[in-house]
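Please keep the viewer open while you read.

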Amino acid sequence: MNTELAGVIVTFIITVLLAIPLGRYIAKVFAGERTLTDFMNPVEKFIYRFCGIDPQKEMNWKEFLKALLTINMLWLVYAFFTLLFQDKLPLNPDGNPAQTPDLAFNTAISFLVNCDLQHYSGESGVTYLTQLFVVTFLQFVSAATGIAALVGVFNALKEKTTNNLGNFWQIFIKTITRILLPISIVIAIIFIFNGMPSSFAGKDTIVTMQGDTVGVSRGPVAGMVAIKHLGTNGGGWFGANSAHPLENPNYFTGMIELIAQTVIPIAMLFAMGLYIKRKKFAYVIFGIMTIGMLCLLVPTMVSEISGSPAISKLGVSQPTGAMEGKEVRFGPAASGYWSIITTVISTGSVNSMHDSSMPVSGLMQMLGMMINAFYGGCGVGILNYYIYIIIAVFISGLMVGRTPELMGHKVEAREVKIAALVTLLSAFLIKGGAALAAYFVAHHGDMAWAVKPSAWLNNPSYHGFSEMLYEFTSANANNGSGFEGLGDNNIFWNVSTGFVLILARFLPIIGPVAIAGLLAKKKFVPESAGTLKTDSLTFGMMTMAVILIINALSYFPALALGPIAEALRGAN
Amino acid sequence: MKKYLLTSIKLTAVLLVLLAVLYPLFLSAVGKLARGKGNGETVSINGKVVGYANIGQKFTQDKYFWSRPSAVNYDAAGSGGSNKATSNPEYLKTVQDRIDTFLVHNPEIRKEDIPAELVTASGSGLDPDLSPAGAKVQVKRIAATRHISEDKLNNLIDEQTVKPLLGVFGPAKVNVLKLNVTLDEMK
């Protein structure tokens with residue numbers, strides 16, 4: 001087998017092998033059992049005392065959400081103003097300017113919601129202070145927010161009847177002190193000894209061997225890149241993200257970054273099985289998610305490794321595959337794998353430029369983000385899948401003519417309405433946004449914005465439409481990758497994607513937490529012969545069918561105008 | 001609500017100290033122990049820094065191994081790819097021009113022997129590497145320019161080739177800057 005494929009396969013296997021013990025560990029942490037990291041006890045106690053938190057206080061689903069939303073809104077305001085005045089604050093060795101209000105609005109929301117869509121380049125758009133105090137900080141806390149919301153849902157699923165989702169503050173703080181921070185430190189140290197910068201020295205200037213004078217941007221990169229992946233955030237230190245040789249110096253760091261972004265979403269599944277004592281339920285979900293991921297991965301890798309037909313026509317050879325937008329040290333196989341992992345999980349970091357991917361790959365990347373539940377982001381991936389489960393339970397119930405039940409609780413109109421709204425929201429935001437953008441390009445090309453609509457698109461025709469569709473898909477999925485040729489730093493894109501980001505983050509968190517809270521309050525119905533078994537393979541396939549049908553109905557027309565048309569034309 | 005807000009403010013303050021101050025400070029201290037002291041590893045000739053080991057630079061002269069095309073002209077004050085789709089006719093013209101230029105400078109090479117990486121831009125615009133094939137296709141030109149035997153140059157490339165990780169994972173690669181530094185040292 002060739003070494004590029006072997007690298008991809010072993011990366012996935014290592015990820016799953018690490019996710020199993022990590023899942024066990026996470027389940028123990030939230031069950032309050034003894035773990036290796038009990039040395040963090042005094043730190044947590046200090047935080048509780050300093051902040052006046054009683055970690056034992058129970059919260060119902062409304063209190064839980066109030067705490068979650070209050071602190072998130074505080075971070076939004078804080079991040080916005082820090083970015084707006086970053087030029088006047090210290091730690092700005094390269095003398096970078098302040099962000100414009102619309103860019104600061106977009107950036108603050110984007111990192112708050114774990115998306116990390118970036119309409120600036122890290123080398124010139126932020127300072128070391130905002131890289132650390134806004135970007136890195138939000139990368140930790142947004143990941144912890146997602147995980148805490150999920151653990152709240154676990155608590156609701158665990159008990160027969162309960163009002164208690166656990167204490168938000170305690171779950172949130174432990175996620176940072178027991179999971180994100182210790183693992184990030186280990187990963188960052190590996191990065192540092194593989195050539196990733198980690199100092200406060202500013203931009204260097206050198207004269208190259210051919211006598212060109214060029215700059216070299218640097219900074220305390222390693223720590224940010226660690227949490228960027230572990231927290232499924234994805235925002236890059238440098239403009240080129242993890243394609244940049246200082247942000248991803250070699251194949252080994254590439255593997256670590258891939259493993260880091262995949263391991264928590266998978267580990268949370270295993271943790272769920274142990275924590276709510278339904279192992280089979282978790283394994284079935286893991287199986288379905290893996291099959292879904294592979295269905296997107298295989299066509300992508302085949303098309304990247306086969307190379308571009310258009311380049312073949314020019315007569316050069318493509319020994320490893322398509323190379324535009326890719327780095328030699330990773331090659332097309334690992335780049336194709338990364339592009340699917342980063343889109344099914346809501347990371348959005350890139351090691352190759354997706355805008356230059358083959359059309360089939362672009363299609364798969366967008367589908368990954370539209371479905372957004374094959375593993376999915378830290379915590380939120382399973383929450384998205386939970387919505388699909390509610391709908392699958394509902395439809396199965398209709399099919400057999402019984403009131404649908406999930407884990408001993410009747411699923412009724414209110415819960416199904418919430419689930420349906422959350423599902424429809426995505427389709428509305430993605431297609432509404434893309435349609436609006438396309439309207440401006442077609443009819444108002446000369447609007448006096450920082451980038452005129454006529455100059456937005458970096459490629460003509462179907463691919464140009466894909467650039468706009470991808471941007472809203474990425475914003476809605478809280479993903480953050482882009483077809484980066486799009487001229488997106490202007491008021492239209494900053495404001496429109498800003499609103500999409502915030503709606504598509506918090507409603508899909510509020511929805512599942514509310515559903516779980518509502519269900520958990522209901523009377524427990526013991527299992528009988530007529531009960532729908534939600535941990536069976538049949539039900540797993542039912543959920544898969546729901547996922548496919550909803551997404552095919554929602555997105556096929558839009559995708560047909562973009563990557564599908566481009567692929568068909570390329571084949572002729 | 002007020003109660004939540006007060007807790008939120010205090011918690012944000014303490015987490016900022018932990019995550020935005022202590023965490024990066026600790027890692028910058030660790031950085032001092034690494035090669036390049038956490039500032040990035042440099043390459044020097046006679047004590048003069050000529051580049052960063054991991055950052056590619058522009059090589060277009062016939063006497064050097066060329067690096068890949070770059071969308072940012074190898075100025076690492078920025079980074080990025082072309083973001084061009086291969087369905088874009090203008091982009092294909094650019095690639096055709098690169099092929100023509102390569103053939104003019106390497107008259108003994110046939111078009112089908114040029115690996116695509118030499119006529120396509122990398123993702124970062126700072127790709128430091130070539131595949132061994134991407135270096136070897138340039139050997140005839142350099143041998144003629146420098147009057148060095150092709151065997152010696154092929155050996156040099158083999159010496160400088162970094163094997164896949166543990167010999168089995170990922171592609172083999174050659175760092176163009178290091179290759180050209182040793183090329184200049186050859187007599």
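Buried means under 20% relative accessible area, exposed means over 50%, and partly exposed lies in between, with a 1.4 Å probe and protein chains only. This is a predicted model, in which local features need pLDDT of at least 70 and side-chain atom pairs count only at pLDDT 80 or more, while totals for chains, interfaces and linings use all residues. Residues are numbered from 1 along each chain as its sequence is written, chains are lettered from A and ligands numbered from 1 in the order in which they are written, and side-chain values use heavy atoms, with hydrogens and water left out.

**A surface patch**

Let us begin with Ile20(A), which is partly exposed because its relative accessible area is 35%. Ile20(A) sits in helix α1 (residues 3–31) of chain A; helices here are DSSP runs of H or I with at least four residues, strands are runs of E with at least two, and both are numbered from the N terminus. Together with Ile9(A), Ile13(A) and Leu17(A), Ile20(A) makes up a nonpolar surface patch with about 350 Å² of accessible area. Such patches take residues with over 30% relative accessible area and no salt bridge, joining nonpolar side chains (Val, Leu, Ile, Met, Phe, Trp, Tyr) within 5 Å and like charges within 9 Å. The areas come from the Shrake-Rupley method with a 1.4 Å probe, and for residues only the protein chains shown count as cover.

Helix α2 (residues 41–51) of chain A has Glu44(A), Ile47(A), Tyr48(A) and Cys51(A) as buried residues. Viewed down the axis of α2(A), these fall within an arc of 100 degrees, so they line one face of the helix; the arc is that of the directions from the helix axis to the C-beta atoms. On the face turned away from them are the exposed residues Pro42(A), Lys45(A) and Arg49(A). What do the buried residues of α2(A) pack against? Their partners are α7 (168–192) of chain A and α1 (2–31) of chain B, with contact meaning heavy atoms within 4.5 Å. After α2(A) comes Gly52(A), with a positive phi near 70 degrees.

Between the two chains, 101 residues of chain A and 97 residues of chain B take part in the contact. About 8000 Å² is buried there, 67% of it from carbon and sulfur atoms; buried area is the accessible area (1.4 Å probe) that two parts lose on being put together, summed over both.

Most residues other than glycine have a negative phi. Asn114(A), however, has a positive phi of about 70 degrees and is buried at 2% relative accessible area. In chain B, Asn83(B) has a positive phi near 55 degrees and is buried at 8%.

**Charged pairs**

A salt bridge is a side-chain nitrogen of Lys or Arg within 4 Å of a carboxyl oxygen of Asp or Glu. How many does the structure hold over all chains? The total is 17 salt bridges, with 0 between chain A and chain B.

| Asp87(A) | Lys88(A) | 3.5 Å |

Glu405(A) is buried at 7% relative accessible area, whereas Glu527(A) is exposed at 60%. Glu44(A), one of the buried residues of α2(A), also joins Asp38(A) and Arg178(A) in a network of salt bridges.
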